[in-house]
Amino acid sequence: MDIAQAAVVSEDYQRATEAAERLLSDAEDHVDTFQYGNAIHCAHIVLGKVALARNEPASAAEHLRAASDVRGSPQLDSFGPDFELASQLLSIGQRDAVIDYIDGCKKFWKRSASLLETWALAIGRGETPDFSKRWTSESNCIRSVEPILTPSRPGT
């Protein structure tokens, strides 16, 4: 995922798309591991950022929704989901998508259910919550999915 995120930052959207799609494909071999939720979440966040950069807000919104359609993982359950794309979409008026994302995140980020509900209600009132204290795709989310793309070594 570091490759996908670096490609988004450097505006190499083709490479970001290829890396995120590979992650989605490889994740299917890890459905029964905690890495699965991380991979699906992070890949859709990257694909959403690419769509937004390509001026495709509807596609970005669908990827945001898909990013919350996971069963969670130790990382997502504890630290919560990525809110960078949600914030970007909210800034261009994609309120319904962000509320859907927040509702989806309630399935796994139970420890912050009241915060999520507060944010959803604020958005429903036309307000913009401050997601800045949330972790972004440049944090542990990316590093947590690397084992999927790294072949295991004998004896490890």
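I took contact to mean heavy atoms within 4.5 Å. I took helices (H or I, at least four residues) and strands (E, at least two) as DSSP runs, numbered from the N terminus. The model is predicted, so I noted that local features need pLDDT of at least 70, side-chain atom pairs count only at pLDDT 80 or more, and totals for chains, interfaces and linings use all residues. Residues are numbered from 1 along each chain as its sequence is written, and side-chain values use heavy atoms, with hydrogens and water left out.

Entry on helix 7. I looked up burial (buried is under 20% relative accessible area, exposed over 50%, partly exposed in between; 1.4 Å probe, protein chains only). Within helix 7 (residues 95-105), I found Ala97, Val98, Ile99, Tyr101, Ile102, Gly104 and Cys105 buried. Their cover includes helix 3 (35-53), helix 4 (57-67), helix 6 (84-91) and helix 8 (113-124).

Entry on salt bridges. I required a side-chain nitrogen of Lys or Arg within 4 Å of a carboxyl oxygen of Asp or Glu. I recorded 8 salt bridges by this rule. In one of them Lys49 pairs with Glu84, with the closest N and O atoms 2.9 Å apart. Lys49 lies in helix 3 and Glu84 in helix 6, so this pair ties together parts 35 residues apart in sequence. Lys49 is buried at 6% relative accessibility, and Glu84 is partly exposed at 24%.

Entry on Lys106. I found a salt bridge from Lys106 to Asp103, at 3.1 Å between the closest N and O atoms. Glu117 also meets Lys106 in a salt bridge (2.5 Å, N to O).
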